[in-house]
Amino acid sequence: MAAGKAASKPSLWQNERLRFIVCFCGVFVCYFYYGILQETITRGDYSHAGKTEKFRYATTLVFIQCVINAAFARLLILVFESSKQDHTRSWLYGMCSLSYLGAMVSSNSALQYVNYPTQSYLPTSLRQTLLNEKLTYANHLLRKLSLALSFCIAVLWTGEVWEFLSFADRYPGIIYNILLFGITSALGQTFIFMTVVYFGPLTCSIITTTRKFFTILGSVLLFGNIISPMQWFGTILIFLGLGLDAKFGKSPKKTTY
């Protein structure tokens, strides 16, 4: 009888409050650092032999990020999901991956022309967040590899990869930042999927928007960027909308897997 009671004792991970804290901290820490790395890589000044350059290889950066994501996802599948069968339709993977890749290339390219606070108001990932609710997070990340192969063809066809390699040879320190950029992306995506699965897309949107606000503040403090009054007004409207949706919107659908 005692053994039966011990076997039925809920695990610590089944505590909803603990799960929320883990998801929140995971998303916040990973993507806060991710945002700082993104601005450091794409907006930093690189000096060599008296010449100052800018990073202009957004496609190659996203390609490396996707490869790291896919490798990380493969590891997760081997450890946690090797015995599970995936019934998700392929077009959902395709839509989610395309929206993600389009957003990443656009946001990294935008940082070549505007600062991070301005860039943060341009792209949104709500469609991806809603699609994520239907996907197994590790399998979704792994499916990015097929699109990463398409990116590989693109960077080879345009010759961007050779320019990037030459750039990295002149500034080898950037390799370390790019690897951290990819790792924080993979970890952050994992926590985002966990949040959507356990708490729904609305909660995930609130967490990611809150994180982005603090990343913007970090950008202002660390890089000296300026937030205009209109951007402050937009930020207030975003949080007001999310708060009203959380209070008066429909309850998030509970998942069972």
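Q: Is cysteine 204 buried or exposed?
A: Let's start with a single residue of this predicted model. Cysteine 204 has a relative accessible area of 2%, and buried means under 20%. So cysteine 204 counts as buried.

Q: How are the rings of phenylalanine 55 and phenylalanine 167 arranged?
A: A pair of aromatic rings is described by the distance of the centres and the angle of the planes. Here the centres are 5.8 Å apart and the planes stand at 80°. Planes over 60 degrees apart count as edge-to-face, so this pair is edge-to-face.

Q: How many residues apart in sequence are the parts that this pair ties together?
A: Phenylalanine 55 lies in the loop between strand 2 (51-53) and helix 3 (58-80). Phenylalanine 167 is found in helix 8 (residues 160-170). The pair therefore ties together parts whose separation in sequence is 112 residues.

Q: What kind of pair do tyrosine 57 and phenylalanine 164 form, and where is phenylalanine 164?
A: Their ring centres are 6.2 Å apart with planes at 70°, so the pair is edge-to-face. It links distant parts of the chain, 107 residues apart. Tyrosine 57 sits in the loop between strand 2 and helix 3, while phenylalanine 164 is in helix 8.

Note on methods. Residues numbered from 1 in each chain as written. Predicted model: local features only at pLDDT ≥ 70, side-chain atom pairs only at ≥ 80, totals over all residues. Heavy atoms only, no water. Phe/Tyr/Trp six-rings, centres within 6.5 Å; stacked < 30°, edge-to-face > 60°. Helix = DSSP H or I, 4+ residues; strand = E, 2+ residues; numbered from the N terminus. Buried < 20%, exposed > 50% of the residue type's maximum accessible area, 1.4 Å probe, protein only.
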